[in-house]
Each structure stands twice: as C-alpha cells, then as structure tokens.
Amino acid sequence: MSSRKLLEQNGICPVATTIDLLSSKWKVLIMRDLLKGTRRYSELRTSVAGISQKMLTQSLREMTDDGLVIRKAFPVIPPKVEYHLSELGESMRPIINSMADWGSDYLDHHPEKRRVAMQPTPAQ
C-alpha cells in the first residue's frame, strides 16, 4: 500500500483524481516515454533525465498499483523487467499529447525559455 498523500478532493473532483494519478513530473515523463512503447527499467532511467532510481521505482510501483502501467517480469538471470501502458494508461494519450502541444506553443511564443538538450560529445 502506498503512503502517498492524496488531494482532499480526490474521488470527488475528476480533476483532483487525475492530478493524483499523475502526481509528479516524473509520472508524466514516464507516461510520455511509455506512449512510445514497451520500455525496460534501464531505458526509462536513461530517458527520464534527472530521476533517481528510488523515485523511478516508486513511481512505477504507484502507476502499476493505479492500473496505468503493466509490469512484466521475465524469469531469467539477470532479471529482465519490462513496462508498458495498460489500456487505462493508453487512454491518457490525448492528455499527454495536449500537454506536449501546449508546451510547444508556449516555447514558440517564449523562445527565451527554450533550452538546448545536452548532447553527448563524440568520442575522439
């Protein structure tokens, strides 16, 4: 059972319920990446820049408990675990896409807010 604090209006207000399901920036970014397809834990750790191992594990556990994500563990050594969106998680695609569209429009109108992603330097 999760010890996370829920908004007082969760279960009453649909917006509060949605916010609680995506209660952190990390969950939204995990959803963004899982909308592209099945990912292994290590792939998510790499693609969600700045997330700690603890936060990724906690977020994935909560999202699995909430029915948004499906965790599939394979009985192999070393352990192999994959994550993908459930049908419920997939139903959030329009929400995440709308957030991406809004963010793009915002950055187009406020170019001073746009940051260049750090690219690895080629090995010489």
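These are legends for close-up views of a predicted model.

**View 1. The largest pocket and what sits around its centre.** This pocket comes out at about 630 Å³ in volume. Its lining runs to 17 residues, and the ones nearest the centre are L29, R32, S47, A100 and L107.

View 2. Two helices, α2 (25–34) and α6 (93–109), each put at least two residues into the lining. Which helix gives the most to the lining of the largest pocket? That's α6, with seven residues.

**View 3. Helix α2, seen on its own.** The buried set is W26, K27, V28, I30, M31, D33 and L34, so take the cut-off here as under 20% relative accessible area. L29, meanwhile, is one of the residues nearest the centre of the largest pocket.

**View 4. S86, in the loop between β3 and α5.** Here we zoom in on S86, which is found in the loop linking β3 (80–85) to α5 (87–90). Is S86 buried or exposed? S86 is buried, because its relative accessible area is 10% and anything under 20% counts as buried. The S86 side chain reaches the backbone nitrogen of L88 at 3.3 Å. Setting aside neighbours within four places in sequence, S86 is also in contact with G67, L68, V69 and I70.

Conventions. Residues are numbered from 1 along each chain as its sequence is written. This is a predicted model: local features need pLDDT of at least 70, side-chain atom pairs count only at pLDDT 80 or more; totals for chains, interfaces and linings use all residues. Side-chain values use heavy atoms; hydrogens and water are left out. On a 1 Å grid over the protein atoms alone, a cavity is a set of points where a 1.4 Å probe fits but cannot get out, and a pocket is an open set with protein on both sides within 12 Å along at least five of seven lines; lining residues have an atom within 4 Å of a point. Grid points are joined across faces, edges and corners, and a volume is the space filled by probe spheres set on the points. Helices (H or I, at least four residues) and strands (E, at least two) are DSSP runs, numbered from the N terminus. Buried means under 20% relative accessible area, exposed over 50%, partly exposed in between (1.4 Å probe, protein chains only). A polar contact is a pair of N or O atoms within 3.5 Å; within protein, one must be able to donate a hydrogen and the other to accept it, and residues adjacent in sequence count only if both atoms are side-chain atoms. Contact means heavy atoms within 4.5 Å.
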